[in-house]
Amino acid sequence: MIDFKYLGETVSLILNKEKCNGCGMCVKVCPHAVFEMNGSKAELTLKDYCMECGACQLNCAQNAIKVTVGNGCGCATGIIEGYFGVESECCSDSTCC
Amino acid sequence: MITGYIKTPIGDIPQVETRLNSKDILGAIKVRWLIGRDNYMVKPGLYAVGNPTKDSNVFVSANYKLSFDHVRKNLAGRDAWILVLDTKGVNVWCAAGKGTFGTHELVKRIEETQLRKVVNHHRLILPQLGATGVSAHLVRQLTKSESEKGFNVVWGPIKAADIKPFLKNNYKATTEMRRVTFTMAERTKLLPVDIVYAGKKLLGAFVLIFLVSGFSQTGYSITDAWYTSLPSILYIVLAYFTGILLTPILLPYIPFRMFALKGLITGIFLFIALHLGNYMANSIYAILAWVMLLPAISSFMAMNFTGGSTFTSLSGVKKEMKIFVPIQITMAIFGLAFYIINLLR
């Protein structure tokens with residue numbers, strides 16, 4: 001499989017290891033496998049692959065994960081339409097936005 | 001689609017077939033072209049597959065008919081319940097991003113369908129991509145009461161096609177099932193929607209190039225516009241498809257990570273191909289016009305494919321827009337200026 005990597009340097013995902021209780025939920029919900037369990041703590045091993053979808057943040061009962069840029073669509077059409085005050089439709093089909 | 005009804009303590013639940021008929025398949029093809037897309041939905045609520053009992057699994061899905069069809073098709077030969085959320089006819093991932101495939105809608109739907117009276121367990125299987133909108137621990141908390149246990153969300157595979165191996169694997173999604181892909185086939189499937197959706201932009205470009213094509217040494221004439229704009233419109237169409245079709249298909253094979261830069265590169269290649277093929281007027285102004293316009297158009301269209309992709313981040317898209325939108329606008333303005341100068345000369 002081809003590995004798609006986007007602009008890793010802008011990724012705003014933060015994992016607070018001290019709060020992590022090792023439940024492993026973030027590993028389960030991440031569609032790009034950016035987390036890995038290392039003993040009793042989650043570890044951010046493939047941060048560059050993060051698309052800031054926010055699934056891990058929403059499903060972390062310990063509040064140990066933050067996506068600081070806010071989860072929105074990594075979608076240029078949506079950003080442009082938002083700029084002109086149009087609420088964007090979903091950009092495509094099986095994927096999104 | 002509905003073949004009968006299953007009797008439950010809360011009344012009759014519609015039973016759906018697991019075989020898709022020609023109408024379902026035609027409908028799926030049509031929505032890929034944006035035809036009837038806004039209204040391709042099923043009624044939210046509870047459905048039955050096979051002859052489910054109180055112990056049967058509950059799969060949660062969106063009310064976009066394409067999503068629902070994927071789920072029921074992959075439950076062939078099983079007895080299960082499907083709980084359809086009201087996502088306004090949008091697929092799971094997009095709806096999760098918007099929050100309609102979300103914690104509150106799920107909790108509300110559990111109450112409204114009286115799911116507790118239909119099943120005697122507390123396990124809900126959700127597609128993994130729904131995790132952007134549904135918080136598993138919140139669902140458990142919000143459905144819990146003094147007398148009742150809360151519902152447990154089990155994250156299933158991304159693709160409905162993996163439901164069977166997921167169940168076999170003791171309700172655990174493997175790493176492969178959890179990773180979103182973006183194969184050439186998956187990219188190609190998205191192109192019709194993108195092309196139809198962006199059609200207005202192409203039309204706008206036609207009007208613009210038509211209007212400026214009326215300029216000549218003798219002034220302005222609409223008749224001239226018809227003649228001069230025809231080859232120009234063809235170049236624009238080529239640049240448009242280079243950005244919206246060729247670049248997405250070849251995505252991983254074009255260097256650099258920014259989509260706008262990928263599109264700029266393919267646009268430059270288009271210019272070189274047209275120029276070497278002697279398809280363009282050889283005036284220096286015409287060359288300057290097209291060396292700017294073609295990559296600008298291709299870059300802009302490729303940048304818009306970020307929304308269709310499965311791996312771009314909001315912060316990343318913002319960054320590339322900050323760099324490339326000014327470049328695209330500058331190139332378009334200079335390109336148009338050279339185009340007009342070429343006509344006035």
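Me: Between which two elements of chain B does the loop that holds Gly156(B) run?
Reply: This is a predicted model, in which local features need pLDDT of at least 70, side-chain atom pairs count only at pLDDT 80 or more, and totals for chains, interfaces and linings use all residues. Residues are numbered from 1 along each chain as its sequence is written, chains are lettered from A and ligands numbered from 1 in the order in which they are written, and side-chain values use heavy atoms, with hydrogens and water left out. Helices (H or I, at least four residues) and strands (E, at least two) are DSSP runs, numbered from the N terminus. In these terms, the loop that holds Gly156(B) runs between strand S7 (152-155) and H7.

Me: Is Gly156(B) buried or exposed?
Reply: A residue counts as buried under 20% relative accessible area, as exposed over 50% and as partly exposed in between, with a 1.4 Å probe and protein chains only. Because the relative accessible area of Gly156(B) is 2%, this glycine is classed as buried.

Me: Why does Asp69(B) count as buried, and what is its relative accessible area?
Reply: Asp69(B) sits in helix H2 (residues 65-73) of chain B. With its neighbours within four places in sequence set aside, Asp69(B) is in contact with Met1(B), Leu20(B), Asp24(B) and Tyr40(B). Asp69(B) counts as buried because its relative accessible area is 3%.

Me: How far apart in space are the C-alpha atoms of Ile29(B) and Lys189(B)?
Reply: Ile29(B) belongs to helix H1 (residues 22-32) of chain B, and it is partly exposed, with a relative accessible area of 47%. Along the sequence, Ile29(B) and Lys189(B) are 160 residues apart, but from C-alpha to C-alpha the separation in space is 9.9 Å.

Me: Is Leu230(B) buried or exposed?
Reply: Leu230(B) is part of helix H11 (residues 222-249) of chain B, and its C-alpha atom is 8.2 Å from that of Phe210(B), which is 20 residues away along the chain. Because its relative accessibility is 58%, Leu230(B) counts as exposed.

Me: What is the value of phi, roughly, in Asn170(B)?
Reply: Asn170(B) lies in the loop between helix H7 (163-168) and helix H8 (175-178) of chain B, and it is exposed, with a relative accessible area of 57%. Its phi is a positive value in a residue other than glycine, near 65 degrees.

Me: What is the value of phi, roughly, in Ala33(A)?
Reply: In chain A, Ala33(A) is placed in the loop between helix H1 (25-29) and strand S2 (35-38). Ala33(A) is a residue other than glycine with a positive phi, near 50 degrees.

Me: Which pattern of helices and strands does chain A follow along its sequence?
Reply: Chain A contains three helices and four strands, and 49% of its 97 residues count as buried. Read along the sequence, these elements give the pattern β-α-β-β-α-β-α.

Me: What radius of gyration does chain B have?
Reply: Chain B holds 14 helices and nine strands, and its C-alpha trace spans about 85 × 35 × 30 Å along its principal axes. The radius of gyration is taken over C-alpha atoms, and the globule rule is 2.2 Å times the number of residues to the power 0.38. Whereas a compact globule of 345 residues would have a value near 20 Å, chain B has 26 Å.

Me: What share of the contacts in chain B with a separation of 6 or more comes from residues 24 or more positions apart?
Reply: In chain B, 54% of the 345 residues count as buried. Among its contacts with a separation of 6 or more, the share from residues 24 or more positions apart is 72%.

Me: Which residues of chain B lose the most area to chain A?
Reply: The contact takes 58 residues from chain B and 50 residues from chain A. Buried area is the accessible area (1.4 Å probe) that two parts lose on being put together, summed over both, and between these chains it is about 4800 Å², of which carbon and sulfur atoms give 59%. On the side of chain B, the residues that lose the most area, together 15% of what that side buries, are Arg179(B), Arg257(B) and Phe311(B).

Notes. Contact means heavy atoms within 4.5 Å.
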